[in-house]
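Biologist: I would like to learn how to read aromatic pairs and pockets in a model. Please take them one at a time.

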Amino acid sequence: MSKLFRALDKVKIVYDIAEKVMMFICKLLLIADILVTCYIVIGRYISFIPAPVWGEQVVLTLMVYMAVLSATLAIRSNAHIRMTCFDRYLPKKMVMVLDIISDLLVMALGYVMLVHGWTAAIKLGARGFYDSLPWLSRFWMYLPVPVAGAGMIIFELEQIYQHIKAFFIKEEKEVAA
């Protein structure tokens with residue numbers, strides 16, 4: 001069984017690359033958000049610099065992208081909010097099983113976000129445009145939901161694998177002892 005896990009561990013580099021790409025995108029979005037916000041504020045208080053009409057919608061869209069992408073990163077690093085107050089009172093194996101069930105439910109949410117988010121992006125996004133940017137489709141406002149759903153599925157697969165691996169590797173160590 002450990003040979004199988006060693007072979008599957010080689011896929012970890014793909015998850016590492018995906019995490020670095022998402023982190024880099026989040027950093028770019030944060031920088032863009034700060035720059036646009038500064039431009040809006042400067043445009044409001046300095047008379048010879050016009051305040052952009054499109055600024056607030058762009059800032060809000062960038063914030064949505066950052067929020068949902070960083071939520072997927074929290075899944076990867078196991079930093080998302082969860083209830084663990086009973087974990088120390090329950091048997092270890094039961095906690096592992098409950099963690100797997102929790103991960104499966106979060107993966108199901110990711111699937112719903114991917115499928116229905118993509119449908120919303122296509123249907124609702126095609127209906128309109130930003131008020132202040134009439135050339136830009138609202139598709140881009142709805143796109144972060146399916147992107148985050150895909151990221152959640154990818155990183156939840158890794159979490160489920162890690163839980164299953166811990167379940168079997170620990171048993172092998174107990175049997176060897």
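Predicted model: local features only at pLDDT ≥ 70, side-chain atom pairs only at ≥ 80, totals over all residues.

Biologist: How is the pair of F5 and Y161 classed, and why?

Modeller: A pair of aromatic rings is described by the distance of the centres and the angle of the planes. For F5 and Y161, the ring centres are 5.9 Å apart and the planes meet at 55°, so the pair is tilted.

Biologist: Which parts of the chain does the pair tie together?

Modeller: F5 belongs to helix 1 (residues 2–9) and Y161 to helix 6 (residues 144–176), so the pair links parts that are 156 residues apart in sequence.

Biologist: Are F5 and Y161 buried or exposed?

Modeller: The cut-off for buried is under 20% relative accessible area. F5 has 5% and is buried; Y161, with 16%, is buried as well.

Biologist: Which residues do ring pairs link into a cluster with F5?

Modeller: Y161 and F168 are joined with F5 into a cluster by ring pairs.

Biologist: Now the pocket. How much space lies in the largest pocket, and which residues lie nearest its centre?

Modeller: The largest pocket holds about 250 Å³ of space. Its lining comprises 15 residues, and R82, M83, T84, D87 and D99 are those nearest the centre.

Biologist: Which helix gives the most to the lining of the largest pocket, and what is the make-up of that lining by class?

Modeller: Helix 4 (residues 92–127) gives the most, with five residues. By class, the lining has six nonpolar, five polar and four charged residues.

Terms used:
Residues numbered from 1 in each chain as written. Heavy atoms only, no water. Phe/Tyr/Trp six-rings, centres within 6.5 Å; stacked < 30°, edge-to-face > 60°. Helix = DSSP H or I, 4+ residues; strand = E, 2+ residues; numbered from the N terminus. Buried < 20%, exposed > 50% of the residue type's maximum accessible area, 1.4 Å probe, protein only. 1 Å grid on protein atoms, 1.4 Å probe; cavity = no way out; pocket = protein on both sides within 12 Å on 5 of 7 lines; lining within 4 Å. Points joined across faces, edges and corners; volume = space filled by probe spheres on them. Nonpolar A, V, L, I, M, F, W, Y, C, P; charged D, E, K, R; others polar.
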